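Me: Could we go through this model together? I would like to begin with the fold and then turn to the interface.

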Amino acid sequence: MLFNSIEFILFLPIVFFLYWFVFKKRQVQNLFIVVASYIFYGWWDWRFLVLIAVTSCCSFFSGLLLKHYNSDERARKSVSGANIVLNLGILFVFKYFNFFTDNFILLFRNLGFHLDVVTINVILPVGISFYTFQALSYTIDVYRNKIAPTHDIVEFFAFISFFPQLVAGPIERATSLLPQFQREREFNYADAVDGMRQMLWGFLKKVLVADNCAFYVNRYWDLYDSFSGISLFALAVLFTIQIYCDFSGYSDIAIGCARLFGINLKRNFEFPYFSNNIPEFWRRWHISLMTWFRDYVYIPLGGSRCAKWKHYSNIIVVWSISGLWHGANWTFVCWGLYHAFLLIIYNILGLTKSIHSSDGFRCGLKLINDILKIGLTFFLVVFGWILFRSENVIQAYRFISRMFLTFFDCPHIMLEKQPLYIAAIMLLVEWLQREKQHALQFPNVYPFTLRTIRWIVYIAITVIVVCFRGQSQTFIYFQF
Amino acid sequence: MKTFLKNICFLALILFFVFGSIEILLLFIPNTYSYKYNYLKTHINDIRVLFLGNSYFEEGIRADLIEKGSFNLASSGRNIAFDAEIARQYFSQMSRLEVVVVPLDYSVFDFGRGVKNPQDKRLGIEAMASSFWCMNYKYLNLHVGPFWNWSEILNSRFNYMSRFWQDRSESVECDSLGYVKLELGSRVSDWECRSLPPIIDTSKPIDFLSYNNYYQNLLTIAKCCQQAGVKFLLVNTPKSELYQKDVNANVMNEISQFVKRIQAECANTFYVDYTYDTDFVDSDFYDACHLTDCGAIKFSVKIRHFIVMNNLLKPKIRR
């Protein structure tokens, strides 16, 4: 079920009503969340519910086994290792098997050997990378004694399958989400209203901005040969806006929706396009995934507290895996390596500090220097997204080379500027609200202190979103 | 909780009122569909040759080149179920109706055996199906499917809000006899790779439900024609060379068999196939299977010729 579908608009109030008015006990609410989440996911393809159930069961029982073998370190390692292998195995089969097989066949063919390997014809289950990583984090945290394993299978299933964040995150940690299923939840008016506002802003970003940008990006991306460099740059900027609004829009809807049920999810985006360097960008983009990689891959590898060459090789390893996490294609690996390269450069130059924490940023943009830094960061990020969006590395190379070689060439400029204007307005609002959790968090700002004005804004946004929505697109991050 | 629910209900009520008003106000703004509906209503006793179907005809038939009393009621993306509904509702009332022409759509004949052509660069057309359905439902007053198909806000992916500030003359895209012009000059550079046929694997089993559905709808039109003493002409429209390359010969045989089945039940049915017609050249095509304004003239003349040569019109009023 998509958030931007009629089904969800009917599904949400029904679930909300039953959750608060019919199933008032915590255990029953948890069970109901599992059922609702499985319906939500099964709406797309019920057969893949088995995968979620298997992943959940393995992680749940491995947690119990880890507790059982509390004093036997070897057994604990075996249990957690087996669970990690199993979960990653499922992910590998469904997401990467064909990719690696094809590449091995190609490699051996180039070496003069003929391999006759079978590939499997299977569709990628939506959100498999998200819930697998969430399940893995639980096992690792239990292994590290950061959290006690739960004995309640229902609350664990609710933790893995909680429908707002099941298919595209934020990737929650057991340390923050599981305890919320373990305590009584009470309806909080202010939280629910702000959740609704956050959902509204998420819908605006997804349906109005991302879908309108997507229409032009999908239409023109493969026709890059017909455009001049400046048009291609505009197209890359459109995709940059699209992917941000698509993914952060989903996160806003998910977080807002969870708040309606008395559950607080992690913040996943912190206005990343206002970062003044690449390391800061990655502290604000897809925060839940980046912190996952930091805690479970980067730091165990040695992080930055080691020799310089080791530190840089850690960055390369983590970003290659991060690229591959996004999809089984060399374009994603190249995209990851591109960002690893940028991070290393910034590291060498010592430009990793965030201006967020300083007062200067919070008081407003005072220096042209900051504007230039933000501009440069944005420009570098746009380049990365060209690699990310292209079908293959050759297309990305051709796109980029044409963009540079014909930048001031023929006046064939893409004429559709409407989505750029919409995006500019959206970014302006986000800039003004950059200190808040989301852009519609304005009840204490005059004239929004007046209820009538607030309602006019809600109604106006809803009407604009519904009436000027782009062609409905699925969320980009569903494929990951 | 009570305050929250009260506010949500109140907000929903306001939104329902606002969206309802938009839907109703849209009804008062003319568009191609409403124009065709009004024409049909006001000229119901003048129409002699009626063109139904989808964009193949809407953008391919110049009714002024056919015969006096011809009208192009085809509309983009129209499902055959709507044509059958038109036949049921109007044919018996159309006192001068002599010929009904319907295009056969090759892509429909995949009946669950086809996949999207990998070379086809036209995107998002599947997502537009509900938009077309809704426009036919709302403006042609053809109630096919559930009632919520009526709502443009729920179903349409067209930029319907632009109709509020658009020049009224621009909102009706067709000429006075229902033809929508596709100019050669506005054709995109990769026109040949748009609207290509699905790749149909005839070794796969047919989805009989969709086959029967299509057959029954066409048969309904044929029978309504028979009852009204009207000739029924099925046409396979011209296709570009690239389109022809991906046409499966087995499917073309199936189409012939399909038509023969209808002809066996309704003897008033005629069939003509222009798929491989070599008179149509590159400049006649707007994309792989839709015609430009030049192609539309050529095609209309050919259809007129067929009608005349096969005596589909009554002799006394033939030109």
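**Overall fold**

Reply: Chain A comprises 18 helices and zero strands, where helices (H or I, at least four residues) and strands (E, at least two) are DSSP runs numbered from the N terminus. This is a predicted model, in which local features need pLDDT of at least 70, side-chain atom pairs count only at pLDDT 80 or more, and totals for chains, interfaces and linings use all residues. Residues are numbered from 1 along each chain as its sequence is written, while chains are lettered from A and ligands numbered from 1 in the order in which they are written.

Me: What is the radius of gyration of chain A?

Reply: It is 23 Å, close to the 23 Å of the globule rule for 480 residues, so chain A is as compact as a globular protein of that length. The radius is taken over C-alpha atoms, and the rule is 2.2 Å times the number of residues to the power 0.38.

Me: Switching to chain B, what is the strand order of the open sheet?

Reply: The order of its five strands is β2-β1-β3-β6-β7, with parallel pairing; two strands pair if DSSP finds at least two bridges between them. At the edges are β2 (70-72) and β7 (269-273) of chain B, each pairing on one side only.

Me: And how many bridges join β1 and β3 of chain B?

Reply: Three bridges connect β1 (residues 49-51) and β3 (residues 99-104) of chain B in the parallel sense. B:L50 has B:V100 in β3(B) as its bridge partner.

Me: How many residues of chain B are in contact with chain A?

Reply: 18 residues of chain B contact 20 residues of chain A, a contact being two C-beta atoms, placed from the backbone, within 7 Å. α1(B) gives the most to that side of chain B, with seven residues.
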